[in-house]
Amino acid sequence: MIRADHRKFYIWFIKVYTSVNLKLYFKKVIVEGIPDVSPDSSVLMIGNHFSWWDGFFAYYLNYRYLRKKYHVMMLEEQLESRMFLNRAGAYSVRKMSRTVIDSLNYTSLLLSDPANLVVMYPQGEIESQYSSRVRFERGLDRILRNAKGNVSIIFYVATVDWFSSKRPVLRLRLTTFLPPGEISHSIIEDAFNDHLSYCMLLQNDLRG
């Protein structure tokens, strides 16, 4: 696996690139449900995976509101062709490989440090933003069981709508997931899908 290798120039570059391109390609960015995260807690951020933009959406949320050290899990074959992202916090997972365990253990290690934020898209592939339910691949419960200290779990759902505008409005709706006791793969998946359904209902009620 490829571990994150943060470099100041690349972190600065991705921050500027994200800021400029969100202003260029979106009419407006609206963020709802900004969480209050303790300095003593790391953050696991889970989002819907529907576009090339997704990692940049999460990066924006982190530098604007959460201010943790950014990490994002990427498929190894994708990261290998975009290694500059590794210098801004990306690390790899190779599906259907024995090194998956290394990636899960590395994620647990990252989440054991309260300075860190880790972004994951557990559905494992890009799907339509209009999917009514996403299925998570296995491993989240293992990551959280092995992480030391406090971990805040934040869900976000990104949606875009053009209506009568040339550029779309981007909405990022966040919620903090508070596990009801023992954490399991199915509990996290169900809770995320509840948030996804709620966000889609809100989106359907919008008017241009």
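This is a predicted model: local features need pLDDT of at least 70, side-chain atom pairs count only at pLDDT 80 or more; totals for chains, interfaces and linings use all residues.
Q: What makes up the secondary structure of the protein chain, and how do the elements run?
A: The chain has 6 helices and 7 strands. From the N terminus the order is α-β-β-α-β-α-β-α-β-α-β-β-α.

Q: Why is the protein chain called as compact as a globular protein of its length?
A: The globule rule gives 17 Å for 208 residues. The radius of gyration is 16 Å, close to that value, so the chain counts as compact as a globular protein of that length. Along its principal axes the C-alpha trace spans about 50 × 40 × 35 Å.

Q: What share of the residues in the protein chain is called buried?
A: Buried means under 20% relative accessible area. Of the 208 residues, 50% are buried.

Q: What share of the contacts joins residues at least 24 apart?
A: Among contacts between residues at least 6 apart in sequence, 75% join residues at least 24 apart.

Q: How do you know that the span of helix H6 is close to the expected one?
A: H6 covers residues 185-204, which is 20 residues. At 1.5 Å a residue, 28 Å is expected. From first C-alpha to last, H6 reaches 29 Å, close to that figure.

Q: Which residues of H6 are buried, and what do they pack against?
A: The buried residues include Ile188, Phe192, His195, Leu196 and Cys199. An α-helix has 3.6 residues a turn, so residues three or four places apart point the same way. The buried residues of H6 pack against strands S2 (41-47), S6 (150-161) and S7 (169-177), and against helix H5 (140-146).

Conventions: Residues are numbered from 1 along each chain as its sequence is written. Side-chain values use heavy atoms; hydrogens and water are left out. Helices (H or I, at least four residues) and strands (E, at least two) are DSSP runs, numbered from the N terminus. The radius of gyration is taken over C-alpha atoms; the globule rule is 2.2 Å times the number of residues to the power 0.38. Buried means under 20% relative accessible area, exposed over 50%, partly exposed in between (1.4 Å probe, protein chains only). Contact means heavy atoms within 4.5 Å. The expected span of a helix is 1.5 Å times one less than its number of residues.
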